[in-house]
Amino acid sequence: MSREAGQIPEPTGDTGLPEPGGPLSLVPLGGGAVRLAYRQSATAQVLLAERRPRPGSWRLSARYEPVGGYGRVALAAVGKPARTVVVAGRDNAGLLRYALSDTGQDTPGRWLTGKVPHSGAAAVGQDTDGRAVLAVLGNDGRLHVVRQRDVGADGAFQEWRAQPVPRGQSGPAKRAG
């Protein structure tokens, strides 16, 4: 962590958190707080941890219901101002699992299932209205995207939309070479 904005981060020592089993995703929450999402080593359970400037140490804030899976867990704070945290990752069935919660909430949101078989990691962001947007590369080679109808942790999502296949192409683009 850096002491001042824009400075090079310095080691902070042992976090006391369970060991990660892969990549970490961090998101600033404002007021100097940072939230961390990752899969726990050996279990793949998704964990959330948080570091506030006072007392300046990490604490485990949530354990999500185990759904298996692998790969990076996507994390974003969305809204204007950002008041909703979105977590997304692949489950054992190859489907997207995602959950929303308020930024001040210590309990994990309930997992919802995106019914798009995909490979790789999910992406999470927000549109210009502050609504959560989820995207995955489907096993059909197309980008699949869904966005919330309304802003907030209880905002329902619209239907998934797949990027159309270009005219004259029957499947994913063929690679040259």
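Along the principal axes, the C-alpha atoms fill a box of roughly 60 × 35 × 35 Å.

Residues are numbered from 1 along each chain as its sequence is written. Because the model is predicted, local features need pLDDT of at least 70 and side-chain atom pairs count only at pLDDT 80 or more, whereas totals for chains, interfaces and linings use all residues; side-chain values use heavy atoms, with hydrogens and water left out.

Of the 177 residues, 41% are buried (under 20% relative accessible area, with exposed meaning over 50% and partly exposed in between; 1.4 Å probe, protein chains only). The chain exposes about 10200 Å², of which carbon and sulfur atoms supply 50%; areas come from the Shrake-Rupley method with a 1.4 Å probe. Contacts, defined by heavy atoms within 4.5 Å, join residues at least 24 apart in 33% of the cases where the partners are at least 6 apart in sequence.

The largest nonpolar core has 16 residues, and those with the most contacts inside it are V86, A88, L96, Y98, V124, L134 and F157. Such a core is a set of buried Ala, Val, Leu, Ile, Met, Phe, Trp, Tyr and Cys residues joined through side-chain atoms within 4.5 Å. Two or more residues of this core come from each of strand 5 (74-78), strand 6 (84-90), strand 7 (96-102), strand 9 (118-126) and strand 10 (132-138). Beyond its neighbours within four places in sequence, F157 is in contact with Y98, L100, A132, L134, V146, R147, Q148 and R149.

P53 is located in the loop between strand 3 (46-51) and strand 4 (58-63). This proline is partly exposed, with a relative accessible area of 37%. Residues up to four places away in sequence not being counted, P53 touches G31, G32 and A33. A distance of 38 Å separates the C-alpha atoms of P53 and H144, which are 91 residues apart along the chain.

Terms used: Helix = DSSP H or I, 4+ residues; strand = E, 2+ residues; numbered from the N terminus.
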